[in-house]
Amino acid sequence: AGAFGGSHTSADSNDCVAIGAYAMGGACNAVTGSVAVGAYALNELTTGTENLAIGYQALQDNQTGTSNVMIGYKAGLDANDASFASTVGIGNYVFDGIQSGASPANNTALGHYCLSGVMVDAADYNVAVGAYALMAVTSGDSNTVIGYTAGDALTSGEKNTALGTGTLTVATTALNCVALGYNAMSDVKAAVAVDGAIAIGY
């Protein structure tokens, strides 16, 4: 099956690149500046512009979301909403839990399985760097974590900052917390909505 081989509609699509079986294979309509590299990358794209998808099934189901960058195996696999935008994911399985119709936006993930939870509309402005960082976020927003497994259990927790391997793990609903150092705040119980705590050091 050819890349860019969908049934294109009335308006021309320009300045696009598609490489791989079924890459950018949808009914594109006035799509500009999008790049799909890998089998099924941007396979369903219709009107979304300025997307970059590299990897098998990267942004496969995205039709109308714009200005997204997904690099990795199944990165952003099912994301499909016009408001799913300005999101950057690098690593296998990043953003692969987002379902069609959900529109978290302006999130950044760097590392395998980062931000791979079932994210909903409210989950905006998160930054996760390190494998498994923020991997369970559902509705949490404005979290910034750096480190292997940092914030890996957070679901609805928001406005947290964590730096270091194993920081702010286990906690699911922490709010406005700062954890700096190896395993800092790693012993907060899952169901405790700790608010405004600061932990520095191992």
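Which residue forms a salt bridge with K159, the closest N and O atoms being 3.2 Å apart? The partner is E158. Welcome to this structure, which is a predicted model: local features need pLDDT of at least 70, side-chain atom pairs count only at pLDDT 80 or more, and totals for chains, interfaces and linings use all residues. Residues are numbered from 1 along each chain as its sequence is written, and side-chain values use heavy atoms, with hydrogens and water left out.

**Salt bridges**

- A salt bridge here is a side-chain nitrogen of Lys or Arg within 4 Å of a carboxyl oxygen of Asp or Glu, and the structure has 2 salt bridges by this rule.
- D141 and K159 link distant parts of the chain, 18 residues apart. D141 sits in the loop between β7 (127-129) and β8 (144-146), while K159 lies in the loop between β8 and β9 (161-163).
- The strands named here are DSSP runs (E, at least two residues), and helices are also DSSP runs (H or I, at least four), numbered from the N terminus.
- E158 is partly exposed, at 27% relative accessible area.
- Through shared partners, the salt bridges join D141, E158 and K159 into one network.

- Buried means under 20% relative accessible area, exposed means over 50%, and partly exposed is in between (1.4 Å probe, protein chains only).
- D141 counts as buried because its relative accessible area is 15%.
- K159 is partly exposed, since its relative accessibility is 40%.

**A look at S116**

- You can find S116 in the loop between β6 (108-110) and β7.
- S116 is buried, with 14% relative accessible area.
- Its contacts (heavy atoms within 4.5 Å) are Y93, F95, D96, G97, L134 and M135, leaving aside residues up to four places away in sequence.

**Cysteines**

- How many disulfides does the structure hold? There are 0, where a disulfide is a pair of cysteine sulfur atoms within 2.5 Å.
- C28 is in no disulfide, and the nearest cysteine sulfur, which belongs to C16, is 6.7 Å away.
- C28 is buried, at 0% relative accessibility.
- C114 is buried too, with a relative accessible area of 0%.
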